[in-house]
Amino acid sequence: MNQFEEESGEFFSLAKNYMDALLNLRRNEASDMIMKAVEEGTSIKDIYMNVFEASQHEIGRLWQTNQITVAHEHFCTAATQRVMSQLYPHIFSTQKNGHQMVAACAAGEMHEMGLRMVADLFEMEGWDTYYLGANTPNESILQTIIDIKPDLVALSVSIHSNLRTLMDLIKLIRNTQDISEIKIMVGGRPFLLAPKLWKKIGADGYSHNAVEAINLADEIISS
């Protein structure tokens, strides 16, 4: 069993067919099979974790091993984001639990898919999420946090060269009156490779996927 099969589990067939449609530039077909799965009762959380996340990891691997081009990878990512948007009427209809989160990628960080999935799954859990997207200037992120004063800030970085910007942002938050104690959760490849890194940069926790992030959030905001 390869990593793709392990990540997709019982949804392997759907995940493979979805990914194959994207790789063959048939985005409407890919969209249709997801909508059909939802209509037939597959949970959106399962689709996010076992179809979108698993297929994106495999597509990333294909790009890293030069089996597809960067343009091909970008097409697949954009197509998945489009399908995610089609699911928003289901996602944003959840009853709210009173918690708020600001989610952003540090300045210079262009890989936003993982964090967007995290924000969407938090919405499904009843959080109000303020998703700022990729390559957001630190000053803009800081001002949003000051304005909203959320329960949690989720920050993502996938490239080691962007770690310095992320560290600078966390220092800004910690040194700003009224928001210095806000809980900060981080994620992305550098933290996967160095599991203790989140502590060194002043965060309150790290998660390697969206479901773990939700469990971690409940833990750290109540601590």
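In helix H3, the buried residues are Ala30, Ser31, Met33, Ile34, Ala37 and Val38. They span an arc of only 165° around the axis, which places them on the same side of H3. Please keep in mind that this is a predicted model.

- H3 covers residues 27-39, and at 1.5 Å a residue its 13 residues should span 18 Å; the C-alpha atoms at its ends are 18 Å apart, which agrees.
- An α-helix has 3.6 residues a turn, so residues three or four places apart point the same way.
- What do the buried residues of H3 pack against? Their partners are helix H2 (12-23), helix H4 (44-64), helix H5 (70-86) and helix H6 (88-91).
- On the face turned away from the buried side of H3 sit the exposed residues Asp32 and Glu39.
- Just after H3 comes Gly41, with a positive phi of about 110°.

**Thr80 in helix H5**

- Thr80 is part of helix H5.
- Is Thr80 buried or exposed? Its relative accessible area is 0%, and buried means under 20%, so Thr80 counts as buried.
- Setting aside neighbours within four places in sequence, the contacts of Thr80 are Tyr18, Leu22, Phe52, Gln56 and Met113.

**The sheet**

- Five strands make up an open sheet with parallel pairing, in the order S2-S1-S3-S4-S5.
- Strand S2 (128-133) and S5 are at the edges with a single partner strand each, so one side of each has no neighbour in the sheet.
- Helix H7 (residues 113-124) packs on the sheet and touches strand S1 (100-105), S2, S3 and S4. The direction of H7 makes about 165° with that of S2.
- H9 also packs on the sheet, where it touches S3 and S4. Its direction makes about 175° with that of S4.

**Strand S4 and its partners**

- On one side, strand S3 (residues 152-156) pairs with S4 in the parallel sense over five bridges. Ser156 stands opposite Gly187 in S4, and Ala154 has Met185 as its bridge partner in that strand.
- The chain passes from S3 through helix H9 (residues 163-174) to S4, a β-α-β crossover that is right-handed.
- S4 also pairs with strand S5 (residues 205-206), again in the parallel sense, over two bridges. Here Met185 has Gly205 as its bridge partner.
- In a regular strand the side chains alternate between the two faces of the sheet.

- Ala106 lies in the loop between S1 and H7.
- Ala106 is buried, with a relative accessible area of 1%.
- How many residues separate Ala106 and Ser156 in sequence? They are 50 residues apart in sequence, while their C-alpha atoms are 6.7 Å apart in space.
- Ser156 is among the contacts of Ala106 once neighbours within four places in sequence are left aside; the others are Asn135, Thr136, Thr165 and Leu166.

Notes. Residues numbered from 1 in each chain as written. Predicted model: local features only at pLDDT ≥ 70, side-chain atom pairs only at ≥ 80, totals over all residues. Heavy atoms only, no water. Pairing = 2+ DSSP bridges. Helix = DSSP H or I, 4+ residues; strand = E, 2+ residues; numbered from the N terminus. Right-handed = clockwise from strand over helix to strand, strands pointing away. Expected span 1.5 Å × (residues − 1). Buried < 20%, exposed > 50% of the residue type's maximum accessible area, 1.4 Å probe, protein only. Arc of directions from axis to C-beta. Contact = heavy atoms within 4.5 Å. Axes fitted to C-alpha atoms, helices over the stretch in contact; angles between N-to-C directions.
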